[in-house]
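Notes go below, in the order I looked things up.

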Amino acid sequence: MTDAANDISGLSFEDALKQLETIVRELEQGNVPLERSIDMYERGDALRKHCDTLLKSAEAKVEKIQLGQDGEAKSTGELDPQ
């Protein structure tokens, strides 16, 4: 993995989303030089993919929650390895 990929892989969903929102806002303003825009776009795409992966993982965990007889969450099942 590249340093940028390692940097992103350690981010929480919230931190990655915050960075992605900042990139989108800056690109929408249109005040960024072309080369920098390309770099920002590439990082934004990597952040989007990271957020998507984390979100899918969270959704899988929610789907695996097992309810007890009283309707309370009692455990989560093993997630299928990806």
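**Ground rules.** I'm working from a predicted model, where local features need pLDDT of at least 70, side-chain atom pairs count only at pLDDT 80 or more, and totals for chains, interfaces and linings use all residues. I number residues from 1 along each chain as its sequence is written, and side-chain values use heavy atoms, with hydrogens and water left out.

**Confidence.** I checked pLDDT, the predictor's confidence in each residue from 0 to 100. The protein averages 85, and 74% of the residues score at least 70. Helix α2 (residues 13-29) has the highest confidence, at 96, and strand β2 (residues 73-76) has the lowest, at a mean of 64.

**Layout.** I found three helices and two strands, running α-α-α-β-β from the N terminus. Helices here are DSSP runs of H or I with at least four residues, strands are runs of E with at least two, and both are numbered from the N terminus. Buried residues make up 15% of the 82 residues; buried means under 20% relative accessible area, with a 1.4 Å probe and protein chains only. Next I looked at contacts, meaning heavy atoms within 4.5 Å. Of those with a separation of 6 or more, 45% are between residues 24 or more positions apart.

**Helix α3.** I looked up α3 (residues 34-63), which has 30 residues and reaches 43 Å from its first C-alpha to its last, close to the 44 Å expected at 1.5 Å a residue. That expected span is 1.5 Å times one less than the number of residues. Its buried residues are Ser37, Met40, Gly44, Leu47, His50 and Cys51.

**How do α2 and α3 cross?** Their axes come within 9 Å and cross at roughly 150°. The axes are lines fitted to C-alpha atoms over the stretch in contact, and angles run from 0 to 180 degrees between N-to-C directions. The two helices are therefore roughly antiparallel to each other, a label for angles over 145 degrees. α2 passes α3 in a left-handed crossing, so the near helix is turned anticlockwise from the far one by less than a right angle. On the α2 side, residues making the contact include Phe13, Ala16, Leu20, Ile23 and Leu27; on the α3 side they include Ser37, Met40, Gly44, Leu47, His50 and Cys51.

**Ala16.** I picked this residue of helix α2; Ala16 counts as buried because its relative accessibility is 0%. Leaving aside neighbours within four places in sequence, Ala16 is in contact with Leu11, Leu47, His50 and Cys51. The C-alpha atoms of Ala16 and His50 are separated by 7.5 Å, though the two are 34 residues apart along the chain.

**Leu47.** Over in helix α3, Leu47 is buried at 0% relative accessibility. I see Leu47 touching Ile8, Leu11, Ala16, Gln19, Leu20 and Ile23, not counting residues up to four places away in sequence. Ile8 is 39 residues from Leu47 along the chain, with 6.6 Å between their C-alpha atoms.

**Ser37: buried or exposed?** This α3 residue is buried, with a relative accessible area of 18%. Neighbours within four places aside, Ser37 is in contact with Leu27 and Val32.

Terms used: Buried means under 20% relative accessible area, exposed over 50%, partly exposed in between (1.4 Å probe, protein chains only). Angles under 35 degrees count as roughly parallel, over 145 as roughly antiparallel, 65 to 115 as roughly perpendicular and the rest as oblique.
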